[in-house]
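Have the sequence and the 3D view ready.

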Amino acid sequence: MCTTTTRLDEKVVIITGANTGIGKETAIEIAKRGGTVVMACRDLKRGQTALEDIKRLSNSHRIFLKRLDLASLSSVRKFTYEFIKEFNCLHVLINNAGIMMCPYGKTEDGFEMHFGVNHLGHFALTNLLLRHFSVHGRIINVSSCVHKYATINFEDINFEKNYCRRKAYCQSKLANVLFTRELHRKLVGSKISVYSLHPGIINTELGRHSFLKYLLWLPCFKSPMQGAQTSIYCATKEGLENESGNYFAECKLIKTMNKYFFDEGQAKKLWELSEKLTETTYPL
């Protein structure tokens with residue numbers, strides 16, 4: 001469990017996918033600590049229901065709902081434009097939303113769904129918001145331990161030749177980690193820090209397309225509240241700036257990583273491809 005007591009008064013926090021699962025639990029805790037929460041959600045109807053729950057459970061009214069569809073780069077751009085117009089600055093961005101082992105599909109822009117939603121949507125969102133971050137801002141990318149079993153299939157990034165939902169999901173989670181590493185290298189000297197993390201295996205609707213849906217009754221699965229703890233830790237732990245670029249689980253630094261974690265060439269190659277595909281560039 002996250003044991004930090006840091007207050008977040010007057011700080012603005014964006015959480016993608018905040019209407020359900022660990023995103024919703026993260027939003028509740030951030031709001032309890034006085035933070036202004038911006039819920040970035042695709043489904044506004046479900047988002048509105050979650051917003052009322054979060055207000056009630058946190059006893060806070062500093063919670064706002066905005067539409068964001070990570071499967072649409074035009075939606076990402078519209079969200080960032082509206083956010084910048086409404087808020088003075090951003091203190092924490094939690095890239096939490098994601099999909100898992102779905103049947104083959106493509107985003108509005110023609111990308112394989114896992115790669116497009118889990119990586120490219122958040123890549124574009126982050127780059128478009130970077131100029132709006134406060135000093136000592138934080139970016140948190142929710143990845144997964146399955147990144148250890150992945151490679152980036154640069155020859156067929158959209159899995160158009162031979163689709164495997166497991167490989168596609170794992171690739172997107174490795175992309176989250178490599179994105180974190182390369183962004184950290186670019187942010188050196190900026191006082192903005194970035195982290196990736198594994199939340200655990202969570203009993204949420206995320207696993208509805210995988211074999212996990214048959215196992216969710218097992219005690220080894222975390223509740224959404226438990227799964228949110230490392231996101232909360234990375235958002236609130238004082239002095240964590242020295243660990244920027246690193247990977248966390250169970251509210252602690254993890255050093256056993258995919259071999260590509262330390263491969264700057266892979267991270268840079270993915271970054272360049274992501275810039276090309278999203279038509280967004282590093283602005284700082």
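How many nonpolar, polar and charged residues are there in the lining of the second largest cavity? Keep in mind that this is a predicted model. By class, that lining has 5 nonpolar, 4 polar and 1 charged residues. If you want to find them, look for L70, A71, S72, L73, T107, D109, F111, G116, L120 and G121. Helix α4 gives the most to this lining, with 3 residues.

Now for the cavities together. The count comes to 2 cavities of 30 Å³ or more, and here they are side by side:

| Cavity | Volume | Lining by class |
|---|---|---|
| Largest | about 50 Å³ | 3 nonpolar, 5 polar, 1 charged |

Around the largest cavity you'll find N95, A97, N118, H122, N141, V142, K173, N176 and F179. Helix α5 has the largest share, 3 residues.

Helix α5 also meets another helix. The axes of α5 (residues 165-187) and α8 (residues 264-278) come within 9 Å and cross at roughly 95 degrees. Angles of 65 to 115 degrees count as roughly perpendicular, so that's how α5 and α8 sit relative to each other. On the α5 side, the contact is made by A175, L178, F179, E182, L183, R185 and K186. On the α8 side, E264, Q266, A267, K268, L270 and W271 take part. By class, this contact has 7 nonpolar, 1 polar and 5 charged residues. Notice F179: this α5 residue is in the contact with α8 and also lines the largest cavity.

Methods. Residues are numbered from 1 along each chain as its sequence is written. This is a predicted model: local features need pLDDT of at least 70, side-chain atom pairs count only at pLDDT 80 or more; totals for chains, interfaces and linings use all residues. Side-chain values use heavy atoms; hydrogens and water are left out. Axes are lines fitted to C-alpha atoms, for helices over the stretch in contact, and angles run from 0 to 180 degrees between N-to-C directions. Helices (H or I, at least four residues) and strands (E, at least two) are DSSP runs, numbered from the N terminus. Angles under 35 degrees count as roughly parallel, over 145 as roughly antiparallel, 65 to 115 as roughly perpendicular and the rest as oblique. Contact means heavy atoms within 4.5 Å. Ala, Val, Leu, Ile, Met, Phe, Trp, Tyr, Cys and Pro count as nonpolar, Asp, Glu, Lys and Arg as charged, and the others, Gly among them, as polar. On a 1 Å grid over the protein atoms alone, a cavity is a set of points where a 1.4 Å probe fits but cannot get out, and a pocket is an open set with protein on both sides within 12 Å along at least five of seven lines; lining residues have an atom within 4 Å of a point. Grid points are joined across faces, edges and corners, and a volume is the space filled by probe spheres set on the points.
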